[in-house]
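Please look over the model shown here, and then read the notes below, which are grouped by topic.

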Amino acid sequence: MLKKENKTDVIVVGAGPAGIACAVTIARAGRNVVLIERGMFPGAKNMFGGAIYTNSVKDIFPNFESDAPLERRNIEHNFAILGESDSTTITYRKNDNTSYSVIRGKFDRWMAEEARKAGVYVVTETVVRKVIKEGKRVVGVSTELEDYYADIVILADGVNSLLAHQIGLRKDIETKDVALSVKEVIKLDKDTINQRFGLKDDEGAIVEIFGGSMLGMLGLGFLYTNNDSVTIGLGITLNELVENNYKPFEILEKLKQHPSISHLIEGGTLKEYSAHLIPEGGYKKVPKLVDNGVMIVGDAAMLVNNLHWEGTNLAIVSGKLAGQTAVESLNTGDYSKKFLKKYEKDIKESFVMKDLHTYRNLMDIAHQRKKAFFSYYFKKINAFFDMFTSVDGTPKKENYHKFIKSIFTDRKLTELFKDAWAIIRLLWSILI
Amino acid sequence: MKIDKNLYTLKYTPDTDSHLHPKNEDCRMCEGRPCTFICPAEVYEWNEEKQELIVNFENCLECGACRIACEKKSLGWEYPKGTKGVTFKNG
């Protein structure tokens, strides 16, 4: 039988965006919820690229744009394709509020404080070591100090989710299903940042970086502007590092020295270095999301749309949907897998699983064709602009002919056909 | 490149016991020893003389990459105690 002491309605493990959104949804419905975080404060163990999305955060915290510790409102997206020493960049600029750069140590802490005000009981510096089961049903968790019991347990314990693995909901992760991300937050004064990126006041810019020190590897770089610092980092699929004997921070160091990047961070001092894993397996690697008395949300459920740099929004929506199902489950007194499957159904009907489904074939194709799409074509794009901008007395027609010829001499015709076929297959699976 | 200067920027509350437990008999047989280069904090070093893995667990960033990369899938990996480990202020 369940112990009466240390018994609550719901336990949520992990105070990231998914766990907080989940806990606050339950507390607002008048239920008791305990949110357990292993860090010194919520956000202390969390790291990401840099932007949260207004749409999803506002849904949970309507006041966040005026009250939360935000860094900058992103008005510019740059897509920088780096060759060995040159680059081609596309800039999209629009003065809106789709996303904000934030520092997780401040932002997650703020969200958790809002959750606390809404009635969530937040416990920090506590590691959940085990999920307690009674028969086939999850009934609580074991921390280092004591056991806590609940009608429902929600696992928001992040990309490594040892707990979901423990109860058999998640299989072992393979190295190709995660990216290792390393980043540096570099201190620069506000005016310098505004000048370098063409910004004013609290406007922010994002640079998505392709190629450069990551040429030929399945990896992407990123740069975000904060109030008085710039975040630069990258994420590389773990199997690339393992197979090639690469050190992640050496690839980042080399990226920082690329002539198209170095001037953006020049003169800054390193404020903090960090690392984290990103779930990159996509749709095919999403685990079973529910079992008797338990649900999985956020990174623990591998909910990341890597092509669009989205993660925290998927986390928040999954947390909210699981929270809503938890409330209904508490109202009926039915905590069975069958009842909790409502969360699985809701998430399938939301953009979260729809988007992951849209890109279900992306990672397989990216792994197969990475040498082409992460090296050859990046170099060719730069070679085209090199040719187009060159002024060396060569007649233009000769330049064009030489460039077109190089496409067919630098890469086998069969490979070019395979590339085209891969693109067609990918587009077909995305659009149809 | 030495990673030490990067790690100096972090706040650590080290434990006295390691939360990382390699199985040295497996490490001796391991061909690639990926943990010795993929780790973003260079926690692992191979000691050729002693034929064992040196684990600088107090530098760990708790990312979990070594657990997944371990060829023998035998690295015992758990989170440090609640009051211990790394704290990111600017994550």
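Helix α10 (residues 312-332) of chain A and helix α11 (residues 337-349) of chain A pack with their axes 9 Å apart and at an angle of about 155°, where axes are lines fitted to C-alpha atoms over the stretch in contact and angles run from 0 to 180 degrees between N-to-C directions. Because angles over 145 degrees count as roughly antiparallel, α10(A) is roughly antiparallel to α11(A). This is a predicted model, in which local features need pLDDT of at least 70, side-chain atom pairs count only at pLDDT 80 or more, and totals for chains, interfaces and linings use all residues. Residues are numbered from 1 along each chain as its sequence is written, while chains are lettered from A and ligands numbered from 1 in the order in which they are written.

**Helix contact in chain A**
- From α10(A) the contact involves A:S318, A:L321, A:A322, A:T325, A:E328, A:S329 and A:T332, and from α11(A) it involves A:F339, A:L340, A:K342, A:Y343, A:D346 and A:I347, a contact meaning C-beta atoms, placed from the backbone, within 7 Å.

**Chain B**
- Chain B has 4 helices and 6 strands, these being DSSP runs of H or I with at least four residues and of E with at least two, numbered from the N terminus.
- Along the sequence, the pattern of chain B is α-β-β-α-α-β-β-α-β-β.
- The C-alpha atoms of chain B fill a box of roughly 40 × 30 × 20 Å along the principal axes.
- Among contacts in chain B with a separation of 6 or more, 64% join residues 24 or more positions apart.

Notes
Two residues are in contact if their C-beta atoms, placed from the backbone, lie within 7 Å. Angles under 35 degrees count as roughly parallel, over 145 as roughly antiparallel, 65 to 115 as roughly perpendicular and the rest as oblique.
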